[in-house]
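Student: I have not read a structure like this before. Please take me through it one feature at a time.

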Amino acid sequence: MATINIQGQKVTVDDAFLSMTPDQQNAAVDEISKSLPTPAAAAAPSGAAEADVRAQVGIARAQALMAGGGPQPGTGHNAPTFVPTPDMGAAGTFLTSTGEGVPIVGPYVDKGLTAAAAGIGSALTGDPYSQVNDEMTRMNEVSREAHPVARTLGNATGAAAGTLPAMMAAPEVFGVGVASLPLRFGASALSGAAINGADAAVRSGGDAWEAEKGALIGGGLGLAAPVIGPLVGKGVKAIADGWNLRGAAKSLGVDKVTAALLAKAFGRDGLDAATHADLAKLGPSGMVMDLGENLRSQAAGLAALPGEGKAIVKGAIDARDAGANARIRSTLDQELGPAPVPSRITTGIETNQRALSPEYRDALQNAGPVNTLPIARYLDQDIQNLRGEPQRVLQRVRAMLDHAPTPQEIAQAAQALGQPPPGTSLVSDAGELLNTRHAIDDMLQTTQGSNAVNALTTARQAVDDELRASVTGIKEVDAKYSELARQREAVQRGQTVLASGREAPRPTELANEFQQGALPQGMQIGPSAVPVRLREGARAEIERIVGTKANDRVALQQIIKGEGDWNRDRLTTLFGADRASRIFDLLDRERAFAETTNQVSRNSYTAARQAAQKELTGAGGDGFGIPQAYMAGGTMGAVRAAGYKGVGAVVDALSGLKSEASRAALARTLTSNDSAVIDALLKANAGSRLPASQIDNVARALLLGSAPRR
């Protein structure tokens with residue numbers, strides 16, 4: 001039992017009323033209203049009152065239902081059943097239509113895909129397979145009618161996907177790659193007729209007229225495919241390249257024509273991803289124009305044209321050239337140390353040698369007489385046997401061993417016992433014998449001929465042995481003197497390491513001298529300074545070359561680096577591989593900078609400059625067709641280009657850098673040191689990476705596969 005309000009009056013209804021449907025309850029309420037008192041029945045119930053009644057009835061039914069313990073299983077209710085919308089949308093329509101578009105077997109593939117999906121749906125929901133299959137078939141039909149464009153695209157995708165594998169497996173059957181023109185068109189026409197005739201027969205249920213019509217249409221499209229396919233491939237390729245060039249131009253901050261010119265020069269110079277390392281190797285002073293001859297030629301063309309572009313290029317070149325000497329000397333000082341002056345080094349060594357004189361006097365002060373008779377006999381015998389220069393140099397040494405009496409000695413002999421004046425005798429004073437050795441050392445510096453040098457060396461050794469035996473401590477002083485002498489010779493030797501004549505040491509010889517020079521000689525204690533003096537001599541020679549050739553950086557690089565690897569090996573021995581490599585990198589950079597200057601500023605490479613000027617101003621250059629016009633001006637550019645009677649008008653209209661802003665932008669790009677420019681040029685030069693031949697094949701597949709259906 002429940003109480004409801006009808007026309008402002010409370011009415012009690014039983015459970016039978018509550019169990020009625022809404023329509024039945026409305027009819028019952030109308031009957032109850034007729035039985036109510038006249039004042040209440042005089043006014044017809046309004047729509048709001050009727051809705052209020054229904055709401056109260058619904059509330060009453062709910063209260064009664066809950067009072068009985070809630071809904072019971074199997075009793076059911078009157079809630080409406082939800083029916084899903086069968087439209088799958090454009091994306092779903094496209095996907096489900098691809099199988100339908102496969103040539104010949106498309107209807108079977110479509111049904112097979114639907115059946116497979118229905119089987120999966122039935123397994124997941126538990127609904128009967130036939131019911132799910134019918135529902136999915138109905139969804140496909142509704143969706144394809146609602147989205148015809150998506151269905152067409154799906155059919156086209158299926159047609160291409162179904163035909164391309166066959167074209168790749170047997171391209172000759174479809175006329176792909178056939179050299180003979182008649183065979184190419186014939187094969188394409190036959191394959192198109194066969195595929196589309198069979199497809200039409202299957203889709204029409206075996207209708208002969210439909211099959212014949214499909215074969216005729218397919219044969220006609222197959223005949224046109226060898227012409228249309230390449231055109232489509234080139235057109236799509238041009239559009240893709242245009243978008244790619246647009247992005248590269250935006251990255252460079254230039255227009256598309258300027259980007260195309262830069263990319264062309266970049267490609268002609270054979271530059272690739274390794275160019276990043278090349279630009280980095282040039283250092284902060286490097287510019288994009290240094291990377292290749294064609295890029296330099298573009299800069300040279302700009303430098304020959306008046307305007308802001310010329311000012312930018314010339315200003316960058318002049319500023320870099322002005323700092324060349326400072327860059328070279330700064331790097332040399334950083335890697336090799338400040339340059340010494342050889343004469344000052346030699347003067348210092350000689351001063352140190354003279355400073356040893358007191359030590360020689362101290363050693364000679366307590367020395368006894370020396371015995372030079374064995375030396376004299378040895379020399380007399382060799383003088384008798386030798387001839388020529390060896391004989392003459394030993395005669396001079398032998399004469400040094402004779403001691404002529406001094407006036408004081410003659411006077412002393414006369415006063416003593418009335419003896420006659422003493423005659424010539426052999427040297428017995430250690431000091432005189434030491435001076436003889438010094439004289440032999442001087443002779444060794446100027447003597448020519450190996451035999452004469454060998455003879456003098458043997459004589460000196462004999463004198464030195466006698467001094468060692470007779471004068472205590474003299475060899476310690478000799479070791480100091482000899483070390484200084486070796487250092488002086490090392491300074492001179494270091495100045496020859498970069499020479500190209502016979503006096504220059506070979507790399508292996510220098511390496512051996514460097515290693516042996518560090519070892520102590522005689523009674524010397526500790527390592528020798530010979531390696532240091534070799535480095536100083538080489539550093540001084542490099543400074544001399546720079547001082548005389550700094551303004552000619554090409555010649556500077558040729559002299560220091562040399563033609564082969566010997567100078568690199570020599571400097572590696574003296575300064576280490578890393579420092580030597582950095583020095584040669586410096587020379588290579590400066591030579592590249594000098595070559596850029598010569599080409600851009602000093603009228604070198606005249607022919608390349610003239611060609612670049614023509615290209616930049618639009619007076620000449622490569623042909624400019626519709627694809628290039630699209631790349632430069634988009635769709636409207638291609639339309640305008642197609643309307644011109646000749647290609648020359650398009651070239652004049654689009655290919656030249658006729659605006660000052662474009663030339664200035666090109667100049668800023670060529671003089672930049674930003675590696676992002678390399679990335680943009682790589683992108684522009686590579687194009688869209690979309691092969692026109694593959695697009696050609698796709699276009700042919702679309703033409704040959706299910707043409708009547710499309």
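Student: Which backbone oxygen does the side chain of Arg 486 reach?

Tutor: A polar contact is a pair of N or O atoms within 3.5 Å; within protein, one must be able to donate a hydrogen and the other to accept it, and residues adjacent in sequence count only if both atoms are side-chain atoms. Here the side chain of Arg 486 reaches the backbone oxygen of Gly 517 at 3.1 Å. This is a predicted model, in which local features need pLDDT of at least 70 and side-chain atom pairs count only at pLDDT 80 or more, while totals for chains, interfaces and linings use all residues. Residues are numbered from 1 along each chain as its sequence is written, and side-chain values use heavy atoms, with hydrogens and water left out.

Student: Is Arg 486 buried or exposed?

Tutor: Buried means under 20% relative accessible area, exposed over 50%, and partly exposed in between, with a 1.4 Å probe and protein chains only. Arg 486 counts as buried because its relative accessibility is 16%. The residue is found in helix α23. Helices (H or I, at least four residues) and strands (E, at least two) are DSSP runs, numbered from the N terminus.

Student: Which residues does Arg 486 touch?

Tutor: A contact means heavy atoms within 4.5 Å. Leaving out residues up to four places away in sequence, Arg 486 touches Gln 516, Gly 517, Leu 519, Gln 521, Gln 524, Ser 528 and Val 530. Arg 486 and Val 530 are 44 residues apart along the chain, and their C-alpha atoms are separated by 6.6 Å.

Student: Why does Ala 469 count as exposed?

Tutor: Ala 469 has 68% relative accessibility, so it counts as exposed. Ala 469 lies in helix α22. From Asn 371 it is 98 residues away in sequence and 9.8 Å away in space, C-alpha to C-alpha.

Student: How many helices and strands does the chain have?

Tutor: The chain has 34 helices and four strands. Of its 710 residues, 39% are buried. Among contacts with a separation of 6 or more, 73% are between residues 24 or more positions apart.

Student: What reach is expected of a helix such as α21?

Tutor: The expected span is 1.5 Å times one less than the number of residues. Helix α21 (residues 430–446) has 17 residues and reaches 25 Å from its first C-alpha to its last, close to the 24 Å expected. The buried residues of α21 include Leu 433, Arg 437 and Met 443. Among the elements covering them are α17 (357–365), α19 (389–400), α22 (450–470) and α23 (474–494).

Student: What is found at the start of α11?

Tutor: There a side-chain oxygen of Asp 255 reaches to within 3.2 Å of the backbone nitrogen of Val 257. Just after α11, Gly 270 takes a positive phi of about 65 degrees. Helix α11 has 13 residues and reaches 18 Å, close to the 18 Å expected.

Student: Which residues have the most contacts inside the largest nonpolar core?

Tutor: In soluble globular proteins, nonpolar side chains tend to be buried together. A nonpolar core is a set of buried Ala, Val, Leu, Ile, Met, Phe, Trp, Tyr and Cys residues joined through side-chain atoms within 4.5 Å. The largest one here has 38 residues, and those with the most contacts inside it are Leu 252, Met 289, Leu 291, Leu 295, Val 313 and Leu 670. Apart from it lies another core, of 30 residues, including Ala 363, Leu 433, Val 471 and Val 477.

Student: Which helix does Arg 539 lie in?

Tutor: Arg 539 lies in helix α25 (residues 530–549). Arg 539 is buried, with a relative accessible area of 2%. Not counting residues up to four places away in sequence, Arg 539 touches residues including Leu 332, Asp 333, Pro 340 and Phe 575.
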